[in-house]
Amino acid sequence: CCISSSIASSMMGGGETIEETKPVETEPTLPKGRYVRFTFHEGAPAKYILGPKEIKVFDKQGVNVALTKPVEAHGHHSLERFPKENAVDGKEDTIWHSKHGGDTDWIEVDLEEEVEISKIVITQGNGATVYNGVASGARMSGGGPDSTDKGSYIIIKNASKAEVKKTEDIKTVAAKYTYDFTSSSPAWA
């Protein structure tokens, strides 16, 4: 009696439980780097410049670890008026300004140690005054989303200066650009 019903139950799938598997939520892997370089592509049109008011690099605790850190730059417009340190001085009323011309300008912040980077925020002027055929608010974006020109982007490097992460180009015109590495699909916003 009992043996046959347990065999029948087994044959019909009785007594077995199927566990429903749920996807495990994983946190995004944050890039770990020491150097954060803001740059244009090689051969970018001379009419575009880098002119950040601030480059902020946040660790996973939300601390701006770029604040007052050492900075290297290539292509200064004016060392006296727009020193490279302005990009990390914590003041929104100062800027670093790259020079005009065909060189590929860049500015690089040394965080002085490798840190996990959760977010990068770049602020700039958003004026409509036109210089060299480009509005001042569009000068870091490669002309904006409808332009065929490439925009500026960030390269994160480790302590030995090997590339860890490169963002896509900034192709929007804004006063503030944010790249959030904690997002499931990070992009400039």
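## Strand S4

Of the 19 residues of strand S4 (residues 106-124), 14 are buried, so the strand is largely enclosed by the rest of the structure. The model is a predicted one.

## Strands paired with S4

Strand S1 (residues 32-39) runs antiparallel to S4 and is joined to it by 7 bridges. Within this pairing, valine 36 stands opposite valine 109 of S4. Strand S3 (residues 71-74) is also antiparallel to S4, with 4 bridges between them. Here alanine 73 stands opposite isoleucine 107 in S4.

Strand S2 (residues 52-59) is joined to S4 by 7 bridges, again in an antiparallel arrangement. Strand S9 (residues 176-180) pairs antiparallel with S4 through 5 bridges.

## Methionine 140

Methionine 140 lies in the loop between strand S6 (134-135) and strand S7 (153-157). The relative accessible area of methionine 140 is 0%, under the 20% limit, so this residue counts as buried.

Leaving aside residues up to four places away in sequence, methionine 140 touches a set of residues that includes Phe38, Phe40, Ile49, Leu50, Gly51 and Pro52. Ile122, Gln124, Gly151, Ser152, Ile170 and Tyr177 are also among the residues that methionine 140 touches. Tyrosine 48 is 92 residues from methionine 140 in sequence, while the C-alpha to C-alpha separation in space is 6.2 Å.

Terms used:
Residues are numbered from 1 along each chain as its sequence is written. This is a predicted model: local features need pLDDT of at least 70, side-chain atom pairs count only at pLDDT 80 or more; totals for chains, interfaces and linings use all residues. Side-chain values use heavy atoms; hydrogens and water are left out. Buried means under 20% relative accessible area, exposed over 50%, partly exposed in between (1.4 Å probe, protein chains only). Helices (H or I, at least four residues) and strands (E, at least two) are DSSP runs, numbered from the N terminus. Two strands pair if DSSP finds at least two bridges between them. Contact means heavy atoms within 4.5 Å.
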